[in-house]
Each structure stands twice: as C-alpha cells, then as structure tokens.
Amino acid sequence: MASTTLICDTEPWKDLKAHVEDIKKSHLRDLMNDKERCQSMMVEFDGMLLDYSRQRATLDTLDKLYKLAEAASLKQQINRMYSGEHINSTENRSVLHAALRAPRDAVIYSDGKNVVPDVWNVLDKIKGFSEKVRSGSWVGATGKPLKDVIAIGIGGSFLGPLFVHTALQIEPEAVEFAKGRQLRFLANVDPIDVARNIAGLNPETTLVVVVSKTFTTAETMLNARTLREWISSALGPSAVAKHMVAVSTNLTLVEKFGIDPNNAFAFWDWVGGRYSVCSAVGILPLSLQYGFPIVEKFLKGASSIDKHFHSAPFEKNIPVLLGLLSVWNVSFLGYPARAILPYSQALEKFAPHIQQVSMESNGKGVSIDGVPLPYEAGEIDFGEPGTNGQHSFYQLIHQGRVIPCDFIGIVKSQQPVYLKGEVVSNHDELMSNFFAQPDALAYGKTAEQLLKENVAQHLIPHKTFSGNRPSLSLLLPSLNAYNIGQLLASYEHRIAVEGFISGINSFDQWGVELGKSLATQVRKQLHASRTKGEPVEGFNFSTTTLLTRYLEASSDIPADPPTLLPRI
C-alpha cells in the first residue's frame with residue numbers, strides 16, 4: 001500500500017518549490033547559450049531523439065526532480081506495475097498494458113499467473129481470423145468477401161485504434177496491405193455518426209466489430225443493435241453471425257446478441273480502456289485492415305519503449321523525463337495545459353487520443369489514499385498538427401497564456417513531394433516550421449530588436465514577444481508502424497510517471513460515472529413522456545424547462561415509432 005504521506009510534504013517537493021524563485025530570474029535566451037546544459041538535455045533511444053533544452057529548467061532542476069522521483073518511490077512504482085501488483089487499488093486490479101506487446105517468451109505475472117501466453121493466444125486467433133477475412137476464405141452471408149469493417153466502440157475502444165489507423169493510412173507498406181479495404185469507426189451514439197459510417201457501404205461486404213468488455217456499454221450497444229438491424233433488414237437475421245464479431249469477455253451476452261462466441265476476442269481486467277489499443281480492441285480492426293504483420297511491427301515498437309522505460313536510468317529514460325518535466329510545469333511553474341503539436345498530418349488523431357489517456361488518467365483531485373490534493377495534478381491536453389495549428393491557436397501560445405508545447409517531428413515523410421524549381425521540398429517546408437517555432441517561443445522578440453528594425457512606436461507593444469515559453473522536441477526517424485508504437489508507449493508511460501509522482505491513481509476513472517447515472521434518469525423520463533405523455537418531474541427548474549422544450553419541439557415523433565435507419 002502506498003504511503004499516506006502526500007508528496008508535497010516531502011523535502012524534495014519543498015526544495016523544488018523554493019527553486020522556482022531561482023528559475024523565475026532566468027530566461028531561456030540565456031539558458032540556451034549554455035552549450036553543456038543543452039547537450040545534457042538531449043536523450044536518444046532506438047532512433048528517437050528527445051531535446052528538452054527549451055524547458056525552463058537547469059541541470060540543478062533535473063537533480064531536484066530526480067530526488068522528487070526518489071521520494072515518490074518512482075522506481076519501485078514502475079517495478080510494481082511490471083510485476084503485476086494491484087496498483088489500481090480502487091478497482092483492485094493489475095495494470096499490465098505492457099504485457100499486451102510483450103514477446104512471446106516473456107514472463108509477466110498477474111495474480112500468480114503468467115499472462116503472456118493468454119495474450120498470444122488472442123493474438124494468434126486475431127492473426128488467423130484476419131487472414132481468413134482478408135484472403136476471402138471467410139465470406140459474408142451472400143458469399144461476397146468482407147472488404148469493409150466498421151469498429152463500434154467509444155472512449156478507449158475508439159480513440160486509440162483511430163489514432164493508429166490514421167497514422168498508418170498512407171504509410172507506403174501499410175497502403176499496399178490495405179488495398180481495396182476500408183476501416184471506419186462508429187463511436188458517438190448520435191445517429192449522424194451511424195449515417196456517416198454506413199454511407200456508401202453494402203451490408204453484404206461489411207464486417208462489424210463490436211468492442212465492449214462487458215457488452216453493456218450503453219452507447220456502444222445501441223450502435224451495435226442499430227447495425228445489427230441494418231444487416232438483418234438487408235440480409236436476414238441469420239446473417240448477423242457472419243457479419244458481426246465481438247471484442248468482449250461476456251460470452252453469454254455476445255451469444256444472446258446473435259454473435260457466435262467463437263468469434264469473440266478476449267481482453268482482461270488488467271487492461272484499462274484507454275490503454276487497450278494493443279489488445280484485441282485495436283489489434284483486431286487494425287489487422288483486418290492492414291494485416292497482422294504490419295500490426296505486429298506496431299506492437300514491437302511499443303515493446304521497445306516498454307523495456308526502455310522499465311530498465312533505463314532516469315537521466316536517459318525518455319518517458320520518465322517527459323513525466324518529470326510535466327510535473328515540473330504543472331505543479332511547480334503553474335502551467336495547467338500542454339499543447340501536443342505533431343508536424344505530421346498522419347498524427348492528426350494523436351492529440352485527441354492522448355487527451356483521453358492523460359486527462360482521464362490524471363484528472364484527479366484526491367490521492368490514491370483518498371486524501372484531497374493541495375496541489376494541481378494532471379494537464380489540460382489539446383493539439384493540432386503543424387502547420388495547421390500555427391494558423392489556429394499559436395497566437396495565444398506566443399503572446400497570451402504560457403502553454404508548454406510538445407513538438408513532434410518526423411525525419412522522413414511517409415509521402416515525400418518534390419517540385420522542380422522549389423527552394424525546398426514540401427516536407428522541408430513543414431520541418432522548417434518544426435525547427436523554428438520552439439526557438440520563437442524560447443527567445444521571443446524584444447522592443448529593442450523591433451526598434452532596430454524601424455517598427456513604428458505604436459506597434460512595438462503588439463509585436464513584442466516575451467519568449468521564455470517552454471517546449472520540448474521529439475524527433476522520430478520515420479513514421480512507420482514501429483515508430484507509431486514507440487510514440488504511443490512513450491506517452492502512455494509518461495502519463496503513468498506523472499501519476500506516480502503526484503501520488504494519484506492513474507488507472508481508474510470514477511469521474512465518468514456520475515453523468516452516466518444521471519442520464520439513466522433522463523432516459524426513463526423521455527420514455528415515459530413519449531409513450532405515456534407523463535409530465536417532466538423530479539428535476540431542477542433549469543433541466544425541467546430544457547427537457548420540456550425538447551419534448552414539445554419534437555412532439556411529432558410517434559410514441560412507438562417503426563424502425564427507421566439513415567438513408568444516404
């Protein structure tokens with residue numbers, strides 16, 4: 001059991017709090033002139049290069065952060081995670097997403113059992129099934145190959161797989177494997193999402209993957225019933241078993257739904273939803289689209305970082321450094337947000353995924369022992385690929401609030417373009433901005449510099465950039481399946497480090513429950529009002545007024561409407 005002592009009561013925390021005053025006296029313009037400092041703030045592993053020299057930190061800051069990590073028993077916490085201890089104490093579960101990408105001969109225990117053979121049993125099953133579908137030996141009810149896949153899931157069952165799919169979509173090797181195939185993701189219970197997903201698809205050639213551990217998730221199961229109706233109305237009820245499979249552990253409900261339990265792919269309680277991309281949740285739909293060999297490379301990239309995180313000393317450990325710097329920015333320098341800025345359009349869904357992993361993991365107000373936190377933990381995460389973000393919110397980042405930035409760059413583009421006569425290639429143009437923006441944030445531009453450029457006096461305050469705005473740069477050699485796995489695991493472990501240091505449980509999510517339970521009450525009211533004409537009761541004045549307006553304005557909906565599906 002973790003100590004009930006809060007990390008803020010330790011000497012290293014107090015030392016860092018006092019150290020903030022020293023940092024406030026410095027400017028990144030000066031810190032960046034210290035070559036030795038900058039050199040020591042670059043770390044390389046397996047082709048990835050992390051440069052955190054533009055953080056508002058000195059070598060002394062790092063030493064103090066390492067002492068904070070020691071006070072938080074960070075090394076022991078990491079070891080407890082990898083040894084299968086129930087570090088998710090509120091749900092009494094192990095946290096073993098690293099086991100999902102472990103080599104076949106690895107040994108990782110949970111509750112006295114090596115879980116790696118179970119993981120590989122599922123991976124082998126996914127490989128076999130996906131090869132049958134892709135080769136055309138598994139066909140639909142009318143004998144046609146299933147070339148289109150819709151994966152139904154929400155939250156961690158959607159954002160992670162969507163990120164990986166989007167990142168692979170135009171990667172040259174992946175493109176070859178995905179020829180003639182489509183993968184779509186249905187998450188929102190909004191019928192518009194259903195309409196968009198089935199638009200242009202033929203039920204005869206569509207396979208639906210329903211992702212729900214318990215097979216009870218309200219939004220997912222309503223969407224699943226909707227697509228079951230779409231399939232059975234076109235092909236007959238018996239077609240469901242040929243056109244729908246499940247990622248679930250509840251085989252009873254899977255069978256009751258009409259899916260053959262043999263076509264259910266398992267995952268385990270020690271896999272949190274937002275950490276489940278490397279389980280059947282992500283691996284099944286991605287293997288159906290790209291083939292298992294591509295997806296296995298993704299798993300190997302993640303596994304490489306898992307080993308690095310577990311074994312590398314902290315000063316050379318990329319996820320640990322990322323996590324410690326986040327704690328420094330949030331809890332000491334008082335910067336509540338983080339911008340994730342990948343200079344690759346292929347990573348457009350990376351920030352939304354990390355937004356969930358980070359904010360659902362570390363958006364907590366109490367310690368792991370239930371003690372209210374007297375300090376801020378967790379970050380507000382957002383982001384957009386460069387250079388799009390530059391024309392959106394960089395104005396605020398440069399001259400408004402201070403928001404630490406993660407710049408992610410790729411050395412070799414997935415799809416290079418060269419135009420004869422242009423000064424640089426398209427990718428070099430993109431990367432010019434990747435290299436320039438961190439320096440613009442760090443150095444800024446002074447009034448003196450503007451005067452020398454003969455800028456009009458009345459414009460000087462508007463054109464002055466204060467600088468001293470922290471960022472870090474992560475440079476990847478390319479963006480293939482392996483690199484995508486590396487990137488994912490680096491951020492997953494970074495987020496765990498933040499939680500370990502802050503003394504919170506990064507692996508539960510009780511904050512999502514209250515709204516869902518209140519929605520159940522609203523659902524009952526809508527049903528009673530629609531079918532029996534009952535007035536809205538039991539809500540506050542505001543909610544009663546809004547519900548009544550909604551019901552009155554949609555009163556043309558019949559009490560017992562016939563089945564209606566989108567028509568596009």
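What volume does the second largest cavity have? In this predicted model, the second largest cavity has a volume of about 50 Å³. It belongs to a set of 3 cavities of 30 Å³ or more that the structure holds, and the largest cavity has a volume of about 70 Å³.

The lining of the second largest cavity is formed by Ser326, Val327, Val330, Ser331, Asn362, Glu376, Ala377, Gly378, Glu498, Gly499, Ser502 and Ile504. Two elements, H15 and helix H21 (481-502), each supply at least two residues of this lining, and the largest share, 4 residues, comes from H15. Divided by class, the lining of the second largest cavity has 4 nonpolar, 6 polar and 2 charged residues.

For the largest cavity, at least two lining residues are supplied by each of helix H15 (318-332), strand S10 (337-342) and strand S12 (405-410), and H15 gives the most, with 4 residues. By class, the lining of the largest cavity comprises 6 nonpolar, 3 polar and 4 charged residues.

The remaining topic is helix packing. In general, two packed helices are described by the angle between their axes and the distance between the axes. Helix H7 (residues 159-168) and helix H16 (residues 350-362) pack with their axes 8 Å apart and at an angle of about 155°. Because angles over 145 degrees count as roughly antiparallel, H7 is roughly antiparallel to H16. The crossing of these two helices, H7 and H16, is left-handed.

Which residues of H7 and H16 make the contact? On the side of H7 the contact is made by Leu159, Gly160 and Phe163, while H16 takes part through Phe350, Pro352, His353 and Gln356. Taken by class, the residues of the contact of H7 with H16 divide into 4 nonpolar and 3 polar, with no charged residues. The linings of the two cavities described above, in contrast, do include charged residues, with 4 in the lining of the largest cavity and 2 in that of the second largest cavity.

Key
Residues numbered from 1 in each chain as written. Predicted model: local features only at pLDDT ≥ 70, side-chain atom pairs only at ≥ 80, totals over all residues. Heavy atoms only, no water. Axes fitted to C-alpha atoms, helices over the stretch in contact; angles between N-to-C directions. Parallel < 35°, antiparallel > 145°, perpendicular 65-115°, else oblique. Left-handed = near helix turned anticlockwise from the far one by under 90°. Contact = heavy atoms within 4.5 Å. Nonpolar A, V, L, I, M, F, W, Y, C, P; charged D, E, K, R; others polar. 1 Å grid on protein atoms, 1.4 Å probe; cavity = no way out; pocket = protein on both sides within 12 Å on 5 of 7 lines; lining within 4 Å. Points joined across faces, edges and corners; volume = space filled by probe spheres on them.
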